[in-house]
Amino acid sequence: MNGANHDDLVDLLGRWASGRGPLYLLLAVRLRALIDDGVLPPDEPLPPDRVLARRLAVGRGTVVAAYDLLQQEGLVVRRQGSGTRVAALDLPATRSADGVAANPLLLHILHPPDGVRLLTCAAPPDPPEALFEAYAEAGARLAGLRGLGYQPAGDPSLREALAAYYSGRGVPTTPDEIIVTTGAQQALTLLAGLLLAPGDTVLAETPTYPGALEVFRHAAAAIRPVTAERAGAAMRERPALAYFVPTARNPDGAVMDVPSRRRLAALAAEHDVPLIDDEVRAELCFSGETPPPLVAYGRGEQVITVGSLSKLVWGGLRVGWIRAAAPLVARLARLRAVHDLGGEVVSQLAAVALLRRLDEVRAARVRTFRRLHDHLRAELRERLPSWSSEPALGGQTLWVRIPRGDVGSFAQVALRHGVAVPPGRSFDPAGGHADHMRLHFLLPEDELSRAVNDLAAAWAVYDGSDKSVSRRTLVV
């Protein structure tokens with residue numbers, strides 16, 4: 001486009017307004033896709049607000065809001081007197097040169113930095129003894145199996161075990177209402193692939209799980225941040241999908257109260273909006289009790305439950321699932337077959353054995369995580385008293401606020417002190433919460449203490465109380 005012809009951009013935008021949702025979100029989604037695909041290259045000037053608004057026959061506020069959202073995501077740069085330009089690739093944006101959003105969860109899995117203590121990806125690093133025993137049992141069962149092993153909806157015995165699991169939690173479930181997936185991330189990807197079209201609006205609470213946000217962005221959806229308390233007005237606009245983490249929420253470990261659960265389920269039924277209940281961390285409530293899933297409070301046709309064993313057992317156990325109405329499960333299984341024909345069977349057989357020992361595994365994990373949670377909070381209070389956080393009610397992470405500055409910038413200083421932390425904007429659909437970070441407590445106590453010591457040293461440099469310059473070399 002070379003910045004010369006604004007009509008070219010209008011042509012490239014195409015039918016940008018044909019989706020459902022606010023116009024500014026639909027415009028931001030289409031512009032984001034053009035930037036991520038390289039159609040709008042780095043440093044490309046974009047039309048002034050008024051010019052683009054006039055060419056698109058919309059109010060100037062629509063263009064301003066779209067540009068502002070893209071600026072929050074690090075995709076464009078807006079400066080007084082020089083207009084709006086696509087961000088350069090070497091800027092600290094929320095994406096990388098290959099178009100993959102550069103949230104720390106993904107980057108530190110794909111490219112883990114050397115010599116850095118990772119507080120980014122929250123999953124148990126130590127497989128429990130029960131997992132080894134479950135695989136031994138699975139191996140014994142494998143000898144009696146027949147058939148090709150291609151099961152797009154999942155191993156029948158695991159589907160039966162998961163149906164029994166939900167029935168035991170007060171939600172009568174049959175195996176044909178369960179599809180097994182390769183972890184919860186694939187579950188979200190399948191749901192987005194089936195339920196979303198480019199430009200569709202997804203309601204997502206804030207803060208929330210960044211992996212879900214990346215799935216929705218990859219589907220070219222417009223993500224609208226909401227809270228459970230204000231979801232009513234947003235639901236009335238008939239979004240294509242709503243996504244909530246009501247139990248042991250990622251990142252802050254919050255647990256939604258019963259009235260809010262009931263209201264969300266009722267809104268989804270009233271407005272015919274598919275509602276994803278992400279229960280990946282639901283079994284990690286520090287009270288020792290797991291609240292009922294959202295489907296227990298409404299009609300089962302609209303509420304979709306996603307679960308996984310990766311947070312409870314081990315990150316390398318890639319067994320997740322979706323509980324939904326049987327017709328939707330059948331459609332998901334057909335879509336799944338296109339991608340990988342079905343999941344790995346031995347892990348599914350091991351999952352059956354683990355579900356039988358769920359109470360035992362959960363009790364051990366919750367006991368450990370609650371102790372580490374208390375240790376991390378105590379260390380933060382002692383070494384970083386100006387930082388603040390609410391106690392988590394479950395899960396594996398704390399949501400920590402710094403008193404001043406931007407965590408995105410502080411994270412760079414922390415890296416030079418040997419600790420990687422995820423900035424809060426990665427957990428916000430609109431790029432907010434810049435003064436927050438998520439810290440997991442999945443390391444041994446001595447390692448958590450060293451991590452806090454390093455964070456305190458980094459904060460002294462960042463905050464200006466330590467004028468010395470770190471000589472540590474970071475190898476990435």
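Which helices and strands cover the buried residues of H12? I opened the notebook with that and came back to it below.

**Ground rules**

I am working on a predicted model, where local features need pLDDT of at least 70, side-chain atom pairs count only at pLDDT 80 or more, and totals for chains, interfaces and linings use all residues. Residues are numbered from 1 along each chain as its sequence is written, and side-chain values use heavy atoms, with hydrogens and water left out.

**Overview**

I looked up the secondary structure and found 16 helices and 15 strands in the protein chain. Helices (H or I, at least four residues) and strands (E, at least two) are DSSP runs, numbered from the N terminus. The chain has 476 residues, and 55% of them count as buried. Buried means under 20% relative accessible area, exposed over 50%, and partly exposed in between (1.4 Å probe, protein chains only).

I then checked contacts, meaning heavy atoms within 4.5 Å. Among contacts with a separation of 6 or more, 73% come from residues 24 or more positions apart. The chain exposes about 20,100 Å², and carbon and sulfur atoms supply 53% of that. These areas come from the Shrake-Rupley method with a 1.4 Å probe; for residues, only the protein chains shown count as cover.

**Helix H12**

I checked the length of H12 (residues 326-340). The expected span is 1.5 Å times one less than the number of residues. For its 15 residues that should be 21 Å, and the end C-alpha atoms are 21 Å apart, which agrees.

Next I looked at its faces. Leu328, Val329, Leu332, Ala333 and Arg336 are buried in H12. They cover an arc of only 140° around the axis, which puts them on the same side of the helix. The arc is that of the directions from the helix axis to the C-beta atoms. On the other side of H12, I found Pro327, Arg334 and Val338 exposed.

Back to my opening question. The cover over the buried residues of H12 includes helix H7 (156-168), helix H8 (183-195), strand E5 (178-181), strand E10 (303-308) and strand E11 (320-323). After H12 comes Leu341, with a positive phi near 70°.

**Helix H9**

How many of the nine residues of helix H9 are buried? Eight are, so H9 (residues 210-218) is largely enclosed by the rest of the structure. I listed them: Pro210, Gly211, Ala212, Leu213, Glu214, Val215, Phe216 and Arg217. Ala220 follows H9 and has a positive phi, near 60°.

**Salt bridges**

A search of the whole structure gave me 23 salt bridges. The term needs a side-chain nitrogen of Lys or Arg within 4 Å of a carboxyl oxygen of Asp or Glu. Side chains of opposite charge can pair when their charged atoms come close.

I started with Arg32 and Glu73, whose side chains meet in a salt bridge at 2.8 Å, N to O. This pair links distant parts of the chain, 41 residues apart: Arg32 is in helix H2 (residues 23-36), and Glu73 is in the loop between helix H4 (60-72) and strand E2 (76-79). Arg32 counts as buried at 7% relative accessibility. Glu73 is buried too, at 4%.

Next came Asp454 and Arg117, a salt bridge at 3.2 Å, N to O. Asp454 is in helix H16 (residues 445-463) and Arg117 in strand E4 (residues 117-118), 337 residues apart. Asp454 is partly exposed, with a relative accessible area of 25%.

Then I took Arg249 and Glu205, whose closest N and O atoms are 3.1 Å apart. Arg249 lies in the loop between strand E8 (241-244) and helix H11 (258-271) and Glu205 in strand E6 (residues 201-205), so the pair ties together parts 44 residues apart in sequence. Are these two buried or exposed? Both Arg249 and Glu205 are buried.

I also noted a network of salt bridges that links Asp49, Arg60, Asp68 and Arg78.

**Two single residues**

Gln71 sits in helix H4. It is partly exposed, at 33% relative accessibility. Leaving out residues up to four places away in sequence, Gln71 touches Val76, Val77 and Arg78.

His375 lies in helix H14 (residues 358-383) and counts as buried at 18% relative accessibility. What does the side chain of His375 make a polar contact with? I found the side chain of Ser449, at 2.9 Å. A polar contact is a pair of N or O atoms within 3.5 Å; within protein, one must be able to donate a hydrogen and the other to accept it, and residues adjacent in sequence count only if both atoms are side-chain atoms. Not counting residues up to four places away in sequence, His375 touches Glu445, Leu448 and Ser449.
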